[in-house]
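User: I would like to learn how to read a protein model. Could you take me through some features one by one?

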Amino acid sequence: MPKKPAEDELDQQIIQIVETAKPENVQQLVDQVQALSSKCKQEILNRIMHLQQEEKIRLKPPQTPTPRKLTSYLGSNHALWYWVTMTLTIATAIVVFTVPEDAFPLVYVRYVLGIIFVLWLPGYAFIKALFPRTLPFARALAHSLGTTEKNLDTIERVALSLGISIALVPIVGLLLNYTPWGIRLTPIVLSLTAFTIIFATAAIVREHQIGIKQDADMAK
């Protein structure tokens, strides 16, 4: 079905704005097109979606504003990683203290959670607290490697989380060796649980603050 002249004119206007003004996302493009056109927002969005499907333009989807209150942020999809981390951490501690080593087949759940607890969670919480949003080297390398920043960030977080966890667990054990509790199962589990919860909570607070700051910078 051939396009109407009005649609073709709007398409050319959208493409020209993308090439010259370089809006960062769909919302910015819609605002810029509306400032120069009498078309309604829905019609502009339809043409933008059509142009993106034809790969004539590429834009990021509209950014959802960061909730101003931390409690609201904790209830959003942004905090999903936090609740997964907390659930796995607490579940591991409960399973370790309630499921005996000879309780088959429940002991396999203990093994699986224990591996995640030791090799993943402490390092992930620590890295997330240091870099709540994107790792700085992921941002720098994404363009040169021809991949997306999100994919590279995920790969690097996995690698760093494993490496940091492997380094942290022996350090925790070494410190416990100089305490009255010693290197035993209970103090090690409680120490790693506290470590993960503290750093994960610090990470979600920092992530929320950075999100609000980024929204304020974009609004300027």
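Analyst: The protein has 10 helices and zero strands; here helices (H or I, at least four residues) and strands (E, at least two) are DSSP runs, numbered from the N terminus. This is a predicted model, in which local features need pLDDT of at least 70 and side-chain atom pairs count only at pLDDT 80 or more, while totals for chains, interfaces and linings use all residues. Residues are numbered from 1 along each chain as its sequence is written, and side-chain values use heavy atoms, with hydrogens and water left out.

User: What share of the 220 residues is buried?

Analyst: Buried means under 20% relative accessible area, exposed means over 50%, and partly exposed is in between (1.4 Å probe, protein chains only). In this protein, buried residues make up 33% of the 220.

User: Where are the buried residues of helix α2?

Analyst: Helix α2 covers residues 26-36, and its residues Val 26, Leu 29, Val 30 and Val 33 are buried. They lie on the same side of α2, because they cover an arc of only 100 degrees around the axis. The arc is that of the directions from the helix axis to the C-beta atoms.

User: How is a pair of aromatic rings described?

Analyst: It is described by the distance of the centres and the angle of the planes. Rings of Phe, Tyr and Trp (its six-membered ring) pair if their centres lie within 6.5 Å; planes under 30 degrees apart count as stacked, over 60 as edge-to-face and the rest as tilted. The structure holds nine such pairs. One of them, Trp 81 with Tyr 124, is edge-to-face, at 5.9 Å centre to centre and 75 degrees between the planes. Trp 81 lies in helix α5 and Tyr 124 in helix α7 (residues 121-130), so the pair ties together parts that are 43 residues apart in sequence. Both Trp 81 and Tyr 124 are buried.

User: What about Phe 126 and Phe 195?

Analyst: Phe 126 and Phe 195 are stacked, at 6.3 Å centre to centre with 25 degrees between the planes. Phe 126 is in helix α7 and Phe 195 in helix α10 (residues 185-219), so this pair ties together parts 69 residues apart in sequence. Phe 126 counts as partly exposed at 23% relative accessibility, and Phe 195 counts as buried at 18%.

User: Which residue has its charged end over the ring of Trp 81?

Analyst: A charge sits over a ring if NZ of Lys or CZ of Arg is within 6 Å of the ring centre and within 35 degrees of the ring normal. Here the residue is Lys 128, whose charged end is 5.0 Å from the ring centre of Trp 81.
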